[in-house]
Amino acid sequence: MDGNGRWAQRRNRPRVFGHIRGASRISAVVREADRLGVKALTLYAFSTENWTRPEDEKSVLWKLLIKFLKKEETELARQNVRLRVIGEVDRLSAEVRASLDPAIARLSKNTGLQLTFAVSYGSRREILRAAEAFARDCREGRRDPAELEGKNAESVFASYLWTGDLAELADVDLVVRTSGEVRVSNFLLWQSAYAEYTFIEKCWPDFTPDDLRQAVETYTSRDRRFGGVQPSASVSATN
Ligand code: IPE
Ligand code: MG
């Protein structure tokens, strides 16, 4: 969800104005994702690098997260949305945890759209923590290092990532980045190994459910080969 600050600055407003507008866009996008049949939606809300921002900007971002939960939880429950967070949750303030943890617990049994907020998230950090946890399990006899050579190696390792409990849904199909930036910025690096990317010029506060629909349409029209060849291509080659 990129470009809140620039969106506001272009209107001669403070950056936080963009965050406020951006946050107000989330619920309609979640609803549209569900309507489109998306099974899992991850919103990159705060990166490990975002901790370097000014205190007042960060505090608005956290307040917006708390406000979102307060305002939207009932609607998320009605939509059967399951909520989770990925990231360094131990770095979040007690105040944020006090609103986040119970909301996650209350929505945890839901079986519909899997909605994930990435907060204090960084993919390199996630991979390091997974490696560390796997090594600890090996040291304490719960795992064997040889499992990272076996045929289930990737799924064994993936189960240690913060997205581990999403199982196969953790494999990202489509990444949508707003605001015209064309980079990955430490987002779901392992999980996006075969993702399709779309880069949209609009800043996040202008992003609409229809933009999501169009991104999904673009995705559907892409030819995904996962490094292989299309069945039709190999048939014609042997004909
Ligand atoms: C929102 O946009 C994403 C968050 C980190 C909350 P930005 O705050 O990155 O806005 P720009 O990129 O500076 O315009
Ligand atoms: Mg940005």
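Leaving aside neighbours within four places in sequence, Ser-179 is in contact (heavy atoms within 4.5 Å) with Asp-2, Gly-3, Arg-6, Ile-200, Glu-201, Lys-202 and Cys-203. The model is predicted: local features need pLDDT of at least 70 and side-chain atom pairs count only at pLDDT 80 or more, while totals for chains, interfaces and linings use all residues. Residues are numbered from 1 along each chain as its sequence is written, chains are lettered from A and ligands numbered from 1 in the order in which they are written, and side-chain values use heavy atoms, with hydrogens and water left out.

Ser-179 is located in the loop between β4 (174-177) and β5 (196-199); helices (H or I, at least four residues) and strands (E, at least two) are DSSP runs numbered from the N terminus. Its relative accessible area is 7%, so Ser-179 is classed as buried (under 20% relative accessible area; exposed is over 50%, partly exposed in between; 1.4 Å probe, protein chains only). The side chains of Ser-179 and Arg-6 form a polar contact at 2.9 Å. Such a contact is a pair of N or O atoms within 3.5 Å; within protein, one must be able to donate a hydrogen and the other to accept it, and residues adjacent in sequence count only if both atoms are side-chain atoms.

Arg-6 also belongs to the residues around ligand 1, which include Asp-2, Gly-3, Gly-5 and Arg-53; a residue is near a molecule if one of its heavy atoms lies within 4 Å of it.

| Residue | Protein atom | Distance to a ligand 1 oxygen atom |
|---|---|---|
| Asp-2 | side-chain N or O | 2.9 Å |
| Gly-5 | backbone N or O | 2.9 Å |
| Arg-53 | polar side-chain atom | 2.6 Å |

The protein covers 87% of the 380 Å² of accessible area that ligand 1 has on its own (Shrake-Rupley method, 1.4 Å probe). Two or more shell residues come from each of α1 (4-9) and α2 (15-23), and α1 gives the largest share, three residues.

Elsewhere, the largest nonpolar core has 33 residues, of which Val-30, Trp-62, Leu-115, Phe-117 and Val-119 touch the most other members. A nonpolar core is a set of buried Ala, Val, Leu, Ile, Met, Phe, Trp, Tyr and Cys residues joined through side-chain atoms within 4.5 Å. Among the elements that each supply at least two residues are α3 (26-35), α4 (55-78) and β3 (114-121); α4 gives the most, seven residues. Not counting residues up to four places away in sequence, Trp-62 touches Phe-46, Trp-51, Leu-92, Val-96 and Val-119. A second, separate core of nine residues includes Tyr-44, Ala-118, Phe-187 and Leu-188.
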